[in-house]
Amino acid sequence: APWHVRILDASALLDDGGAGDVPESVDALRLRRVAALLEAKVFRGEVPQDETVRAGGHRVALQLDNRVERERLLSAIAAARERVHWQCYIVDDDAVSIAFMDALRDAGARGVKGRVLGDALYSRHDVYGAKNPVLERLRDAPNVELRVSRPLDGVPSLTDLKQRNHRKLVVVDGHAATVSGRNLGATYYRGFDELSLS
């Protein structure tokens with residue numbers, strides 16, 4: 001089956017982790033790599049937001065509206081038939097994250113296999129005994145497996161602190177993927193029309 005891939009940031013496409021300590025002097029090189037990958041593998045021109053590009057039997061769409069993407073992902077989880085895999089760096093403790101975790105619980109209850117992988121340090125889970133309440137909602141969910149990468153206990157090395165899992169990826173039923181720079185939380189999935197500016 002063809003893939004439906006949504007790409008939001010360069011780090012997701014380059015799979016370089018998006019670490020904040022990458023020197024600015026390499027930004028131009030990273031952007032050139034993104035352009036080359038997109039030109040060679042996906043499309044041969046400019047892609048306006050919300051338009052779908054077809055290439056090699058696959059469809060690629062760019063979505064910048066957080067609210068639209070949140071609703072699309074919740075619908076995809078609700079429609080999942082076999083499995084949902086979710087990997088992200090940060091899981092915030094807020095209503096948006098709870099909505100996604102509850103959608104995964106509901107999917108698990110109807111037999112869909114779920115797998116969630118977050119970064120232990122930046123999701124504040126399994127780090128010196130801390131538990132993220134949102135992730136804890138999945139502990140007893142049927143058919144849902146929760147893992148965190150690189151839990152911390154004891155005195156961490158610089159490598160323990162710096163080499164974290166920055167990937168943000170959702171795959172539903174093995175054929176539709178969302179590859180983005182969005183972590184899990186209201187900051188990343190709430191639209192501008194939902195924010196109070198007062």
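**Getting to know the chain**

Me: With 70% relative accessibility, does Asp 153 count as buried or exposed?
Reply: This is a predicted model, where local features need pLDDT of at least 70, side-chain atom pairs count only at pLDDT 80 or more, and totals for chains, interfaces and linings use all residues. Residues are numbered from 1 along each chain as its sequence is written, and side-chain values use heavy atoms, without hydrogens and water. Buried means under 20% relative accessible area, exposed over 50%, and partly exposed in between (1.4 Å probe, protein chains only). Asp 153 has 70% relative accessibility, so this residue counts as exposed.

Me: Where in the chain is Asp 153?
Reply: Helices (H or I, at least four residues) and strands (E, at least two) are DSSP runs, numbered from the N terminus. Asp 153 sits in the loop between β6 and α7 (158-162).

Me: How far apart in space are Asp 153 and Asp 126, C-alpha to C-alpha?
Reply: In sequence, 27 residues separate them. From C-alpha to C-alpha, the distance between Asp 153 and Asp 126 is 8.3 Å.

Me: Which residue of β5 stands opposite Trp 86?
Reply: Two strands pair if DSSP finds at least two bridges between them. Here β4 (residues 83-88) and β5 (residues 113-119) are parallel partners with six bridges. In β5, the residue opposite Trp 86 is Val 116.

Me: How wide an arc do the buried residues of α4 cover?
Reply: The buried residues of α4 include Val 96, Phe 100, Leu 104 and Ala 107. They are on the same side of α4, because the arc they cover around the axis is only 150 degrees. That arc is taken from the directions from the helix axis to the C-beta atoms, and here the value is 150 degrees.

Me: Which exposed residues does the opposite face of α4 carry?
Reply: The buried side packs against several elements, among them α3 (66-79), β4 and β5, where contact means heavy atoms within 4.5 Å. On the face turned away from that side are the exposed residues Ala 95, Asp 106 and Ala 109.
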